[in-house]
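Subject: Structure handover

Hello,

I am passing on the structure we spoke about, with notes on what was found in it. Please keep it open while you read.

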Amino acid sequence: MKKGDIVIMPSQDTSVEPTSVGILVSVDPEGGVVLVLWNDAEGVAYEEPRAWLAVIGNVAKFGLATPTDWQAY
């Protein structure tokens, strides 16, 4: 796992609530926890065990918007 990875918790019970999606904001190379900013956490990042998470993508794969991209709209 690396900074910018998009993660979910596969063990989350989705019958009660929709799956949360998070972005890894900090990774401790020696520890078993990472800092995740969840989409439903109101700007609070939480330490989560790596074993609880599954990577589904990375922010870098979506690219960055350039002024020419958004100025057209």
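The notes below start with the whole chain and then go through its parts.

This is a predicted model, in which local features need pLDDT of at least 70 and side-chain atom pairs count only at pLDDT 80 or more, while totals for chains, interfaces and linings use all residues. Residues are numbered from 1 along each chain as its sequence is written, and side-chain values use heavy atoms, with hydrogens and water left out.

Overall make-up

The protein chain has one helix and five strands, in the order β-β-β-β-β-α along the sequence. Helices (H or I, at least four residues) and strands (E, at least two) are DSSP runs, numbered from the N terminus. Of the 73 residues in the protein chain, 25% are buried. Buried means under 20% relative accessible area, exposed means over 50%, and partly exposed is in between (1.4 Å probe, protein chains only). The protein chain exposes about 5,400 Å², and carbon and sulfur atoms supply 58% of that area. Accessible areas come from the Shrake-Rupley method with a 1.4 Å probe; for residues, only the protein chains shown count as cover. Among contacts in the protein chain with a separation of 6 or more, 35% are between residues 24 or more positions apart; a contact means heavy atoms within 4.5 Å.

Strand S3 and its partners

S3 covers residues 33-38. Strand S2 (residues 22-27) pairs with S3 in the antiparallel sense over five bridges, and the two form a hairpin with five residues between them. Two strands count as paired if DSSP finds at least two bridges between them. On the other pairing, S3 and strand S4 (residues 45-49) are also antiparallel, over five bridges. Leu37 is the bridge partner of Ile23, and Leu37 stands opposite Ala45 in S4. Val33 has Pro49 in S4 as its bridge partner.

The core and the surface patch

The largest nonpolar core has eight residues: Val7, Met9, Leu24, Val34, Val36, Trp38, Ala41 and Leu53. S3 supplies the largest share of this core, three residues. A nonpolar core is a set of buried Ala, Val, Leu, Ile, Met, Phe, Trp, Tyr and Cys residues joined through side-chain atoms within 4.5 Å. Leaving aside neighbours within four places in sequence, Val36 has contacts that include Val7, Leu24, Tyr46 and Leu53.

Leu37 belongs to a nonpolar patch on the surface with Ile23, Val25 and Val59, and together these have about 250 Å² of accessible area. Leu37 itself is partly exposed, at a relative accessible area of 34%. Patches are made of residues with over 30% relative accessible area and no salt bridge; like charges are joined within 9 Å, and nonpolar side chains (Val, Leu, Ile, Met, Phe, Trp, Tyr) within 5 Å.

Which residue in the hairpin of S3 and S4 takes a positive phi? It is Glu42, with phi near 55°, in a hairpin that has six residues between the strands. Most residues other than glycine have a negative phi. Glu42 lies in the loop between S3 and S4 and is exposed, with a relative accessible area of 79%.

Glu47 is found in S4 and is exposed as well, at 60% relative accessible area. The C-alpha atoms of Glu47 and Val36 are separated by 6.3 Å, although the two are 11 residues apart along the chain.

Val55 is found in strand S5 (residues 54-58) and is partly exposed, at 41% relative accessibility. Residues up to four places away in sequence aside, Val55 touches Met1, Asp5, Ile6 and Val7. Val55 and Asp5 are 50 residues apart along the chain, and their C-alpha atoms are separated by 6.4 Å.

Asp5 is buried, with a relative accessible area of 3%. The side chains of Asp5 and Lys2 meet in a salt bridge (3.4 Å, N to O), and the structure holds one salt bridge. The term means a side-chain nitrogen of Lys or Arg within 4 Å of a carboxyl oxygen of Asp or Glu.

Regards
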